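Biologist: Please take me through the terms used for this model, one at a time.

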Amino acid sequence: MQNPNEVTEVNPVLTLWDEYGAILSFAVFGVGVGIVLYHFLRLTMTKELKSRYDYISKYEINTLWNACLLVIIALGLFVNTLLAEAELHWFIVRLFVTAMLGLIIGVVVSNILKFYYPFYVEKRLKKLRYTPRISPKTGKPMKLLSEEEEDVYLDEGMQAEEEVFSVDYDVWIDEETGYTKIEKYSGHLHALQCPECNYQTLKVSREEIIESPTASKEGELMKFYTCTYCGYKAKKSFKIAKLKETGPVQSEKPVVS
Ligand SMILES: [Zn+2]
């Protein structure tokens, strides 16, 4: 809205802004909110617990970050439409100040999503992972096998993977019919609690095979952890099971790390 008493000549950019600025801010806001709605709608429609687990751990924090970014931009744009500015340079100054404020809010939101929100995500993921699976054969809850029990159900490749890489297999069994359901969880996506700062931000940064296993000797694997919050570093050594003598040895070549 231009004020007729004050101005004789209005910059065309400002006219355009007065006309379309608010619409633009609403559109950006709408996209931001839409992204969040879509995410949670998809989540409610995903019935399978493992799929829901994967969807949350893969997308939720990024989705929320994108949405927050759009909402912050939308609010910034909207604030700049509230008062009509007569001169372009003041308009630009105001826009710049808004952008700086937006940046500060963005940093705060980003930190919340990076360091506090994961606790909430973790709680939900844990619940999804350990909620008893329902057997399609009997409709009854199945039993989760312990690490020792489950080896019988995992093939050699899976067992090796579980020892070497940051992979976890969960084996659910229907004790009545013997039906099993195996679920794979990737440790790389998953952060541990850092002993230094207590945030859920300790991740495997590198894995190195110190010693390859042979038929007669166990190997050794070193996992390196880095905290993305405080920079704390740790390493932990893992044993790699001896190679089975039967069957063809699949990887003869030395592992280069
Ligand atoms: Zn830390």
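Modeller: Two residues are in contact if their C-beta atoms, placed from the backbone, lie within 7 Å. Leaving aside its neighbours within four places in sequence, V71 is in contact with F29 and G32. The model is predicted, so local features need pLDDT of at least 70 and side-chain atom pairs count only at pLDDT 80 or more, while totals for chains, interfaces and linings use all residues. Residues are numbered from 1 along each chain as its sequence is written.

Biologist: What makes residues 49-82 a helix, and what span is expected for α2?

Modeller: Helices are DSSP runs of H or I with at least four residues, and strands are runs of E with at least two, numbered from the N terminus. Helix α2 has 34 residues. The expected span is 1.5 Å times one less than the number of residues.

Biologist: Where is the kink in α2 centred?

Modeller: On Y59, with a value of about 45°. The bend at a residue is the angle between axes fitted to the seven residues ending there and the seven starting there.

Biologist: Which residues of α2 are called buried?

Modeller: Y53, S57, E60, L70, V71, I73, A74, G76 and L77. Buried requires 20 or more other C-beta atoms within 10 Å of the residue's own; 12 or fewer is exposed, and in between is partly exposed, with C-beta atoms placed from the backbone. The buried residues of α2 pack against α1 (12-45) and α3 (88-130).

Biologist: What makes up the largest nonpolar core?

Modeller: Six residues: V28, L70, V71, I73, A74 and L77. Its largest share, five residues, comes from α2. A nonpolar core is a set of buried Ala, Val, Leu, Ile, Met, Phe, Trp, Tyr and Cys residues joined through C-beta atoms within 7 Å.

Biologist: How do you know that β4 and β5 pair?

Modeller: Two strands pair if DSSP finds at least two bridges between them. Eight bridges join β4 to β5 (residues 219-227), and the two run antiparallel.

Biologist: Why are β4 and β6 at the edges?

Modeller: The open sheet has the order β4-β5-β6. β4 (202-211) and β6 (233-240) each have a single partner strand, so one side of each is left without a neighbour in the sheet.

Biologist: What joins β2 to β3?

Modeller: Seven bridges, with β2 (residues 167-173) antiparallel to β3. W172 stands opposite K181 in β3.
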